[in-house]
Amino acid sequence: MHEIVTYLEMTAPGEARPAARVPGLALRQLAGDSLLIRDLQARIGAPHGWKSATRGEEEWAAWFAEHSDRTFWLICLHDEPAGMVTYDLHPGGEVEIETF
């Protein structure tokens with residue numbers, strides 16, 4: 001498998017341009033202990049060979065402990081899970097998107 005890494009950096013708030021609204025599309029923040037996080041990480045990651053697709057209970061506990069400050073959002077389309085976005089907040093107001 002070939003790995004492609006892409007970076008996107010916005011350095012000023014004016015660089016963000018909102019798109020048109022998509023009917024039925026919503027973001028819902030997930031609690032850090034939501035079972036949906038494990039399920040979605042595994043389903044999203046399985047086709048890409050992510051470790052999240054095969055983690056056991058102890059591995060998940062260790063992963064959550066290591067990423068205790070991570071923020072999780074559920075992407076829904078017509079009230080059905082359609083994806084997830086996760087990010088980490090860094091000093092200086094920087095935000096690092098981990099999963100989208």
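Predicted model: local features only at pLDDT ≥ 70, side-chain atom pairs only at ≥ 80, totals over all residues.
## A tour of the fold, core and pocket

His-78 sits in the loop that links β2 and β3. The phi angle of His-78 is near 55°, a positive value in a residue other than glycine. Asp-79 lies in the loop between β2 and β3 as well, and here too phi is positive, at about 65°, although Asp-79 is not a glycine. Are these residues buried or exposed? His-78 counts as exposed because its relative accessibility is 55%, over the 50% cut-off. Asp-79, with 58% relative accessibility, also counts as exposed. The table sets the two side by side.

| Residue | Phi | Relative accessibility |
|---|---|---|
| His-78 | near 55° | 55% |
| Asp-79 | about 65° | 58% |

### The overall fold

Stepping back, the protein chain holds 2 helices and 4 strands, arranged along the sequence as β-α-α-β-β-β. Its C-alpha trace spans about 45 × 35 × 30 Å along the principal axes. Of the 100 residues in the protein chain, 24% count as buried. If you take the contacts between residues at least 6 apart in sequence, 43% of them join residues at least 24 apart.

### The core and helix α1

Which residues make up the largest nonpolar core? There are 10 of them: Leu-30, Ile-37, Leu-40, Trp-60, Trp-63, Phe-64, Phe-72, Leu-74, Cys-76 and Met-84. The elements that contribute two or more residues to this core are α1 (35-45), α2 (57-66) and β2 (71-77). In soluble globular proteins, nonpolar side chains tend to be buried together.

Setting aside neighbours within four places in sequence, Ile-37 is in contact with Leu-30, Ala-31, Gly-32, Phe-64, Phe-72 and Met-84.

Within α1, the buried residues are Ile-37, Leu-40, Gln-41 and Gly-45. These four lie on the same side of α1, because they cover an arc of only 115° around the axis. An α-helix has 3.6 residues a turn, so residues three or four places apart point the same way. The packing partners of the buried residues of α1 are β1 (25-30), α2, β2, β3 (80-90) and β4 (94-99). At the start of α1, a side-chain oxygen of Ser-34 comes to within 3.2 Å of the backbone nitrogen of Leu-36.

Asp-88 belongs to strand β3. With a relative accessible area of 14%, Asp-88 is buried, because the cut-off is under 20%. What does the side chain of Asp-88 make a polar contact with? The partner is the side chain of Arg-70, at 2.9 Å. Not counting residues up to four places away in sequence, Asp-88 touches Arg-70, Glu-94, Val-95, Glu-96 and Glu-98.

### The largest pocket

Finally, have a look at the largest pocket, which holds about 1,900 Å³ of space. It is lined by 36 residues, and those closest to its centre are Glu-96, Ile-97, Glu-98, Thr-99 and Phe-100. Which elements supply at least two residues each to the lining? They are β1, α1, α2, β3 and β4. Among the elements, β4 gives the most to the lining of the largest pocket, with 6 residues. Glu-96 and Glu-98, two of the residues closest to the pocket centre, are also among those that Asp-88 touches.

Terms used: Residues numbered from 1 in each chain as written. Heavy atoms only, no water. Core = buried A, V, L, I, M, F, W, Y, C linked by side-chain atoms within 4.5 Å. Buried < 20%, exposed > 50% of the residue type's maximum accessible area, 1.4 Å probe, protein only. Contact = heavy atoms within 4.5 Å. Arc of directions from axis to C-beta. Polar contact = N/O pair within 3.5 Å; in protein donor to acceptor, adjacent residues only side chain to side chain. 1 Å grid on protein atoms, 1.4 Å probe; cavity = no way out; pocket = protein on both sides within 12 Å on 5 of 7 lines; lining within 4 Å. Points joined across faces, edges and corners; volume = space filled by probe spheres on them.
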